[in-house]
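Hi,

Here is the structure I promised to send over. Have a look at it first, and then read on for my notes.

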Amino acid sequence: MARSMTLWVAGWGFRSGADRSSFASCWEQASQRLDLAQLESARWTFAVLESRVSKPGWQQLLAWKSGSVVPHADCVQIAESDISKTETPTSSARLEQRFGTGSVCEALAWQAALQRADQREVQWMLPRIVSADRQATLAVVRIGSLSELQESGVLS
């Protein structure tokens, strides 16, 4: 039997110049791949780098979120040291050198999920997506067992 509430975690990477349209672009792409319309009522957590909350892009993410289909999403901040050495599905040499991980948004999603669940319950749903203006990135993981994913119809 599936849990009544599953948790989806979105890791958001962004540059200081990211604006609402940057985040909307990522979400639209994710929606096309995951049919997020079915997931609007799911519990969502958005993970961001702690060092980014002082940047203008953070306020833009919050503004986009408040007008989005998931305004109820919780936001968590993750320290750069916590994402270092996190293995990710995609990899950028520049990010590996700067942050110690191949993808900031993927590492954020993974680490935020691990704060809430055992690694065996965390599944990659969507690796890094880049916004049309290249100012934001998004990755999505889901917390739940594989059988729950298959019952939900989201995983094919």
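Below is what I found, from the overall fold down to two individual residues.

Please keep in mind that this is a predicted model. The protein has six helices and five strands, and along the sequence they come in the order β-α-β-α-β-α-α-α-β-β-α.

Among contacts with a separation of 6 or more, 69% are between residues 24 or more positions apart. The exposed surface comes to about 7,800 Å², with 46% of that supplied by carbon and sulfur atoms.

Most residues other than glycine have a negative phi. Lys85 is not a glycine, yet its phi is positive, at about 75 degrees. Where does Lys85 lie? It sits in the loop between helix 3 (80-83) and helix 4 (93-99). Lys85 counts as exposed because its relative accessibility is 74%, and the cut-off for that class is over 50%.

The second one is Arg134, also not a glycine, with a positive phi of about 65 degrees. This residue is in the loop between strand 4 (122-130) and strand 5 (136-143). Is Arg134 buried or exposed? With a relative accessibility of 58%, Arg134 counts as exposed.

So much for my notes; enjoy looking through the model.

Best wishes

How values were computed:
Residues numbered from 1 in each chain as written. Predicted model: local features only at pLDDT ≥ 70, side-chain atom pairs only at ≥ 80, totals over all residues. Heavy atoms only, no water. Helix = DSSP H or I, 4+ residues; strand = E, 2+ residues; numbered from the N terminus. Contact = heavy atoms within 4.5 Å. Areas by Shrake-Rupley, 256 points an atom, 1.4 Å probe, with all protein chains shown as cover. Buried < 20%, exposed > 50% of the residue type's maximum accessible area, 1.4 Å probe, protein only.
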